[in-house]
Amino acid sequence: MTIFSRETLLLNVLNELAEKTNLKSSDLVFLNYDFSNQEIIDLMAAFSEKQLKKAPITDQKFEKVVAVAKPDVQGIHSVCQQLVISFIAEERFLAVFGDGTCHPSN
């Protein structure tokens with residue numbers, strides 16, 4: 001992605017708007033870290049399974065799940081923090097993240 005590509009400019013605007021409105025969006029995290037369609041599908045399937053089983057997840061296990069879905073991710077700890085915060089704000093996978101086992105601020 002080049003510095004002034006259309007995609008970069010759009011992401012810059014979206015990130016600025018999200019910051020100013022305090023919007024937490026997993027979709028924006030996926031866009032910022034260039035997750036592919038299949039990587040998102042794999043990640044969502046893993047968390048949907050955990051949601052059905054009402055199985056909370058620890059920070060370390062969450063990072064492993066993300067690393068399997070997107071092996072080339074840079075800054076996995078930060079990505080995971082952003083995803084947990086977003087999922088909770090979106091009220092997604094609350095049985096997995098809503099109990100505080102996974103600590104997004106660490």
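Helices here are DSSP runs of H or I with at least four residues, numbered from the N terminus. The model is predicted: local features need pLDDT of at least 70, side-chain atom pairs count only at pLDDT 80 or more, and totals for chains, interfaces and linings use all residues. Residues are numbered from 1 along each chain as its sequence is written, and side-chain values use heavy atoms, without hydrogens and water.

Start with helix α1. Glu16 and Lys20 both sit in this helix, four residues apart, about one turn. Their side chains form a salt bridge (3.4 Å, N to O). A salt bridge puts a side-chain nitrogen of Lys or Arg within 4 Å of a carboxyl oxygen of Asp or Glu. Lys20 is exposed, because its relative accessible area is 66%; Glu16, at 46%, is partly exposed. The cut-offs are under 20% for buried, over 50% for exposed, and partly exposed in between (1.4 Å probe, protein chains only).

The whole structure holds five salt bridges. Another of them joins Glu39 and Lys70, with the closest N and O atoms 3.2 Å apart. Glu39 lies in helix α3 (residues 37–52) and Lys70 in the loop between α4 (59–69) and α5, so the pair ties together parts 31 residues apart in sequence. Glu39 is buried at 14%. Lys70 is buried too, at 5%.

Now turn to helix α5 (residues 76–89), which holds Ser86. Ser86 counts as buried because its relative accessibility is 3%. Leaving aside neighbours within four places in sequence, Ser86 is in contact (heavy atoms within 4.5 Å) with Lys24, Ser25, Ser26 and Val29. Its side chain also reaches the backbone oxygen of Gln82 at 2.8 Å.

Terms used: Helices (H or I, at least four residues) and strands (E, at least two) are DSSP runs, numbered from the N terminus. A polar contact is a pair of N or O atoms within 3.5 Å; within protein, one must be able to donate a hydrogen and the other to accept it, and residues adjacent in sequence count only if both atoms are side-chain atoms.
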